[in-house]
Amino acid sequence: AEKSWGTYTVIDTAPEAMTVRIKLFAGNNMNYHSHNLRDEVWTIISGEGRVVIDDKVIPVKQGDTVNAKAGVKHMIIADTDMSIIEVQMGKEISRKDKIIYETEYGKGRKK
């Protein structure tokens with residue numbers, strides 16, 4: 001699917017997991033969000049950027065892995081074009097399980 005910030009493609013689904021390839025364009029970011037019912041693990045395949053985890057900014061690059069447990073606020077800001085593999089794990093994987101927060105980081109609530 002195409003978004004204003006890049007693209008995402010579902011690679012695999014299982015009863016309690018989903019794997020997604022994300023392409024995030026330079027200068028863009030995901031929403032600052034959390035989930036109540038699932039954890040997410042991001043592996044940076046290429047590019048550089050910053051991850052915000054509960055208001056802590058962490059630089060990331062190719063080969064880095066980020067864990068966002070259920071309830072933790074998180075987002076990625078792309079400083080260059082980025083390719084990311086996201087694995088979602090939990091008893092219920094649903095778009096409804098997403099809480100979006102206002103933020104001073106990146107472009108804020110961009111969808």
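Begin by selecting R38 and E40, which are joined by a salt bridge whose closest N and O atoms lie 3.5 Å apart; the term stands for a side-chain nitrogen of Lys or Arg within 4 Å of a carboxyl oxygen of Asp or Glu. Both R38 and E40 are buried, where buried means under 20% relative accessible area, exposed means over 50% and partly exposed lies in between (1.4 Å probe, protein chains only).

This is a predicted model, in which local features need pLDDT of at least 70 and side-chain atom pairs count only at pLDDT 80 or more, while totals for chains, interfaces and linings use all residues. Residues are numbered from 1 along each chain as its sequence is written, and side-chain values use heavy atoms, with hydrogens and water left out.

Next, select K69 and D39, whose side chains form a salt bridge at 3.8 Å, N to O. Because K69 sits in the loop between β8 (65-68) and β9 (74-78) while D39 belongs to strand β5 (residues 38-46), this pair ties together parts that are 30 residues apart in sequence; strands here are DSSP runs (E, at least two residues), numbered from the N terminus. K69 is exposed, at 53% relative accessibility, whereas D39 is partly exposed, at 22%.

Then move to D79 and R50, where the salt bridge spans 2.7 Å from N to O. D79 lies in the loop between β9 and β10 (82-90) and R50 in strand β6 (residues 48-53), so parts 29 residues apart in sequence are tied together. D79 is partly exposed at 41% relative accessibility, and R50 is partly exposed at 32%.

How many salt bridges are there by this rule? The count comes to four.

Definitions and conventions:
Helices (H or I, at least four residues) and strands (E, at least two) are DSSP runs, numbered from the N terminus.
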